Amino acid sequence: HGRRTYDKYHRDGGARIDVFKNWGEPMRKALPRFGSVQATGGTPLSDGIQYAMQELSGRLERHRVIIVLTDGCPNRPAVVRRQIRLAKESGVTIVGVGISAGCYQVRGQFPENHVAVERISDLPRNMLAVLDAIMFPSRAKRIKLDGKLQGARLRA
């Protein structure tokens, strides 16, 4: 039908996943590995998200968050949208983070949870605001009530 075979799948070749830090490893030990990251073209975002979801599936922590640093233009946007939905249904939050030129494209790809900053100096404040809303949802909007109960008392 004129459609290429690999269009049915979210990727058409192998994927290399670089793990910079293991779960129990101190950040100070892993930090030097992050400086060697280089963009090589293309954004196989769905593969990275898939790996993160698989790793988090066995974790028992109350809050499970995947932070995705991206230009917001994944190779397979429909697959990423599906992964975001599946993660949410499983209690995992995916936050898209865009930095510098093109950073605002993360808003479209990650509409519920994203950070878009033109200057790296703005990242900590904005990232903490998003994480604060995820970790402490009690700060959400107050519930609109039709009325209040009067005279309710706690019985000992």
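I began with the largest pocket and found that H2 gives the largest share of its lining, eight residues. The model is predicted, so I took local features only at pLDDT of at least 70 and side-chain atom pairs at pLDDT 80 or more, while totals for chains, interfaces and linings use all residues. Residues are numbered from 1 along each chain as its sequence is written, and side-chain values use heavy atoms, with hydrogens and water left out.

**Largest pocket.** I noted a volume of about 2200 Å³. Of its 39 lining residues, Asp-18, Phe-20, Gly-48, Ile-67 and Leu-69 are the closest to the centre. Besides H2, helix H1 (27-34), S1 and S2 each supply at least two lining residues. Helices (H or I, at least four residues) and strands (E, at least two) are DSSP runs numbered from the N terminus. I sorted the lining by class and got 22 nonpolar, 11 polar and six charged residues. A pocket here is an open set of points on a 1 Å grid over the protein atoms alone, where a 1.4 Å probe fits, with protein on both sides within 12 Å along at least five of seven lines; lining residues have an atom within 4 Å of a point.

**Second largest pocket.** I looked up its volume, about 280 Å³. Among its 16 lining residues, Ile-84, Lys-88, Ile-94, Glu-112 and Asn-113 lie nearest the centre. H3 gives the largest share, five residues. The classes are seven nonpolar, five polar and four charged.

**Asn-113.** I found Asn-113 in the loop between H4 and strand S3 (114-117). Asn-113 has a relative accessible area of 19% and is therefore buried (under 20%, with a 1.4 Å probe and protein chains only). Leaving out residues up to four places away in sequence, Asn-113 touches Thr-93, Ile-94, Val-95, Gly-96 and Ile-134 (contact: heavy atoms within 4.5 Å).

**Nonpolar cores.** I then checked the largest nonpolar core, which has 15 residues; Leu-45, Ile-49, Ile-66, Val-68, Ile-94 and Phe-110 have the most contacts inside it. Such a core is a set of buried Ala, Val, Leu, Ile, Met, Phe, Trp, Tyr and Cys residues joined through side-chain atoms within 4.5 Å. Helix H2 (45-57), strand S1 (64-69), helix H3 (77-89) and strand S2 (92-99) each give two or more residues to this core. H2 has the largest share of this core, five residues. Beyond four places in sequence, I found Ile-49 in contact with Ile-66, Val-68, Val-80, Gln-83 and Ile-94. Apart from this core lies another of nine residues, including Val-95, Val-97, Val-117 and Val-130.

Methods
Buried means under 20% relative accessible area, exposed over 50%, partly exposed in between (1.4 Å probe, protein chains only). Grid points are joined across faces, edges and corners, and a volume is the space filled by probe spheres set on the points. Ala, Val, Leu, Ile, Met, Phe, Trp, Tyr, Cys and Pro count as nonpolar, Asp, Glu, Lys and Arg as charged, and the others, Gly among them, as polar.
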